[in-house]
Amino acid sequence: MKNSLLFLCVFVCAPLMAVCQEAFKITHGPYLQALGETGVNIVYTTNKKAVAWVELAPADGSHFYAQERQKIFASEHGNKTENTVHNVRIEGLKPATKYRYRIYAQEVLSHESYIVKYGNIAASAAYRAELPTFTTSDPKATSTQFAIVNDIHQQNDVLKKLLGQVDWSANKLVFFNGDMQNNSRTESQIFSSYMDTAISIFASQIPMYYARGNHESRGEFANEFPRYFPTANGRLYYLLRSGPVCFVVLDTGEDKPDSDIEYSGTADYDAYRTQQAAWLKEALQRPEYTTAPYKVVVAHIPPFGGWHGEMEVAQKFVPILNTAGAQIMLSGHLHRNVKRAPEANAWQFPVLVNSNTSIIRAKADENQLQIEVYDLEGKKIDAVTIQPSK
Ligand SMILES: [Fe+2]
């Protein structure tokens, strides 16, 4: 009996007390999601349940403390969210405008009926520190620059080396084209595997967009993915316009049949891809796509290889993309560099597969979209040039 009590104190009570006594703090972030012409999501986490808000100021040279700044709260359906993952959606911004922002969270100690007890407030530094900024998209922009990495599989060193090649003064956006992690088991896995690295290099100031891979789709934390990577339309597939480029971001799902033993009965991707194809057919008729000089598909699994997921991409998405004049598909998944030309009775656009140790860096202007692939040492290993569509 004595031994059990001792065990309870040492191995259960002590760690619990340590967690309880830990000071309230912001643990990860902030990072930008779903940046558009008039809105953005700012995401960050705290170690305890909290309400959260962002203070916003124009980047007009005034001191952040010059006046009280606009507060935008993390809320859903009119209620401020009480959570450890904070997603502040800001809307009504001016296009092509640079803003500074400061993040806040206040611990919620208890919430019983009408009575809420609040604890300490944590915030990013603003007195001496330079606040992060973001710039909303410019609908009139005739050029853009973007980078894509994929299949990093939690290799922070590889990610650092690849992102170290990006010219952050000119690069407008970054895509994570799937399989950044090996599976999805905890929140800390997301941050320790790649997001802390991304935040330290760019993600608090340059937006990052996800095309989910098959490995993010696996594990007991997989259903939490959209809380960390919100999109403007609430789905994991969406259109995104940056200057002359319309990106068609697809969620290609799992690679094996849904009934495969590896998924333990969790997968329902055939139906999901069918629904997504219906959305795709409608989305590619919208002006943001039809008027874009460049039409670029970002999709983790390519439409070839003979696995079930690859065949689904080929059968459900490619015919719609062909009809709508898609100009290139940028994929990953294979862990090697592959370039396939358009093929009769298949994809009518080139498919460029980026490996797990290379980065796509691309520039678009009025004359061309130049897509280049660089290895870990920064050596150019492939390139594709796309002419503006008519
Ligand atoms: Fe994959």
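Here is a short walk through this structure, one selection at a time.

Before you click anything, know that this is a predicted model, where local features need pLDDT of at least 70, side-chain atom pairs count only at pLDDT 80 or more, and totals for chains, interfaces and linings use all residues. Residues are numbered from 1 along each chain as its sequence is written.

**Now colour two pieces.** Select 23-135 for domain 1 and 144-386 for domain 2; these bounds come from an automatic or database domain assignment. Their C-alpha centres lie 28 Å apart. Where they touch, domain 1 puts in 18 residues and domain 2 puts in 17, with contact meaning C-beta atoms, placed from the backbone, within 7 Å.

Which strand gives the most to domain 1's side of that contact? Select 26-33: that is β1, and β1 supplies six residues there. β2 (40-58), β6 (83-90) and β9 (133-135) each supply at least two.

**Next, go inside.** Select V297 and V298, the residues with the most contacts inside the largest nonpolar core, which has 93 residues. Such a core is a set of buried Ala, Val, Leu, Ile, Met, Phe, Trp, Tyr and Cys residues joined through C-beta atoms within 7 Å; buried means 20 or more other C-beta atoms within 10 Å of a residue's own. β2 contributes the largest share of this core, 10 residues, and both domain 1 and domain 2 give at least three residues each. Leaving out residues up to four places away in sequence, V298 touches I148, F175, N177, A211, F247, V249 and L330.

**Last stop: a hairpin.** Select 369-375 (β20) and 380-386 (β21), which pair in the antiparallel sense over six bridges; pairing takes at least two DSSP bridges. Find I371 and you'll see V384 of β21 opposite. Four residues sit between the strands, and in this hairpin G378 takes a positive phi near 85°.

Note on methods. Contact = placed C-beta atoms within 7 Å. Buried ≥ 20, exposed ≤ 12 C-beta atoms within 10 Å, placed from the backbone.
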